[in-house]
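Morning, everyone. Please put the model up on the screen, and I'll walk you through it.

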Amino acid sequence: MGLKDSSGHTNSATARGGERESVFRLRRRPNARVLIIGGGINGVGTFRDLALQGVDVALVERGDYCQGASGASSHMIHGGIRYLENGEFRLVRESVVERNRLLRIAPHYVKPLQTTIPIFSTFSGVLAAPLRFLTHKQQGKPKERGAFLIKLGLSLYDSFSRDGGSVPRHQFRTRQKALAELPMLHPGVKYTATYFDASVHNPERLTLDVLQDGEKAGGRASNYLSLMSVSSNADGSSTAVLRDQLTGEEFGFTADVIVNTTGAWVDLTNQAMGAPTTFMGGTKGSHIVLDHPGLLAACDGREIFFEHTDGRIVLIYPMGDRVLVGTTDVDADMSEDAICTDGEIDYFFDLIGHVFPDIAVNRGQIVYTFSGVRPLPRHDATQPGFVSRDYRIERRGPEAGPQEGGAVVLSLVGGKWTTFRALAEHLADDVLAELGTERKISTAKLAIGGGSGFPDSDAGIQKWIKAHMTPTRDADRAAGLLTRYGTRAEEVISYLDAGHDSLLRSTRELSVRELKFMAAHEQIGHLVDVLIRRTSLAFRGLVTGELLNELAEALAEPLGWDAARVAAEINHAQEVLKRYHGVEVHSLVA
Ligand SMILES: Cc1cc2nc3c(=O)[nH]c(=O)nc-3n(C[C@H](O)[C@H](O)[C@H](O)COP(=O)(O)OP(=O)(O)OC[C@H]3O[C@@H](n4cnc5c(N)ncnc54)[C@H](O)[C@@H]3O)c2cc1C
């Protein structure tokens, strides 16, 4: 029997004779006013905004939610101080405002992040920067940014942050003080600048939270559903052919407005819709995650954000007991999968040596790698690192379509994680204008999912944990649930307490009933979704053969998997982890 959600639907995949509930809801009524293609943070954010306005909206994602660029970011919710150099003042201002908002409306996943820039020169970069303001092109070899330029940038950054003081102002330290604070830093450092941005610890779960807000408001969404093609109807609508990637079945879905938020794939999606475009020019970026206590200690709890010798901005960033190192920025070839290469790993090791020369790193300390393509606008002469990070919305009216009639198509070009709420508001406003309706509510102050009522102090968190402990749920487990779901953990806990439950043998971070809850509520298509996007087990390098077996067994009943499917899912998870994340997990099954 499937679990009922707030709208009275059963979500269990077995409840519809094998058809997923999310697909069933779209097929049962195969039309909506608006169809959004792409379930990264920007598509999902727009879905939530439109659903909250009472618009009949549907969203389809061809893989899992947050599996594209949104799942490959540096986890920073930041104003983008370096974009000042490109003259992108509007974007930096909007980003700082949104950073402060997200700290308030999504406090369960977005946390303040202390950031330190080591500076090796006083004046470099000052001459190159004004030229970039004018041309947006890199003049010659990039120069390292000196103290003067960084001071100027951070002062401007502080001035954008004056909206209630969500984060403290920046501070400069001279060499002696800098080395006293961070003794492993390169002794050639001249200054450090320390300021606050924010980070999103769990982008995958934040995306899911945003999605669930939209579903609660009446929107319908399904993952593992691809847009294949579109045909125009004379009444000003279009019918999209959608394919279920798990079963191969196809069906038609009609809408008056189509929103293309497929990120780096926007042009390919427009091509599939019969109206090719050349808006995009994505750049690939990779990261590695290290299990390295020495490097972790050297960072002293803060992100080290700096410029490598080639002028690229890179970061070394403690996340829990792991260290995230990134990122590269190279023109992407969309016909190839984005994968972290050996050359990129060498580059990361080189940059660690540049900042912490006495810390040795080796490949055995890498527990996870990931890579993605930034959905940037097409750029010709501009070097990847200097391509605008701002976004725009391209409209295609019915008159421009391949056939008479047809829906309006709005394509999103660009859009960072940081600005997703504001971007979704702009995109939703454009959709509302197409539909001739008005905005009813603003999302600017509306708590996202489990951010609602989230404790605002350590003491509040401890109180929450204590209140949710039982003889079978210790403080670690209660804290783990709060970290994973925010205050939505209360709904999860009611479900866990309604039947017999036990923690898994291979990890104390998950229980059998929690997996049932995820199967019922969180649209799990593959085993690997749980490892990478419903939990951070893969990110932290905690996947074992035993864990794969146990998870697959626990998910089999609620998801209706037979023995062959269980084996196939274990195999698939191993392949994905190896190919895309550099992780080899040996199977326990003969
Ligand atoms: C290496 C890297 C580091 C970054 N760091 C940061 C950072 O620190 N801070 C920050 O603010 N931003 C950062 N960004 C940028 C940010 O992550 C992205 O700009 C943002 O996540 C884009 O979201 P999106 O929803 O537009 O695109 P995506 O997340 O790429 O989503 C597009 C989705 O469309 C789906 N799709 C494609 N074709 C179809 C189809 N035919 N049918 C259905 N679905 C389809 C894809 O599967 C994909 O899930 C970074 C990006 C990268 C790559």
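Gln-523 sits in the loop between helix 15 (512-521) and helix 16 (527-534); helices (H or I, at least four residues) and strands (E, at least two) are DSSP runs, numbered from the N terminus. Numbering starts from 1 along each chain as its sequence is written. This is a predicted model, where local features need pLDDT of at least 70, side-chain atom pairs count only at pLDDT 80 or more, and totals for chains, interfaces and linings use all residues, while side-chain values use heavy atoms, leaving out hydrogens and water.

Back to Gln-523. Its phi is near 50 degrees, a positive value in a residue other than glycine. Gln-523 counts as buried because its relative accessibility is 15%; buried means under 20% relative accessible area, with a 1.4 Å probe and protein chains only.

Next, Cys-66. Its phi is also positive, near 65 degrees. Cys-66 lies in the loop between strand 2 (57-60) and strand 3 (76-77). At 2% relative accessibility, Cys-66 is buried. Most residues other than glycine have a negative phi.

Now the ligand. Where does it lie relative to domain 1 and domain 3? Between them, because domain 1 (13-69 + 204-281 + 390-435) and domain 3 (283-374) both give residues to its shell. Those bounds come from an automatic or database domain assignment.

For Ser-70 the distance is 2.5 Å. For Thr-418 it is 2.7 Å. For Asn-42 it is 2.9 Å.

Terms used:
Polar contact = N/O pair within 3.5 Å; in protein donor to acceptor, adjacent residues only side chain to side chain. Buried < 20%, exposed > 50% of the residue type's maximum accessible area, 1.4 Å probe, protein only.
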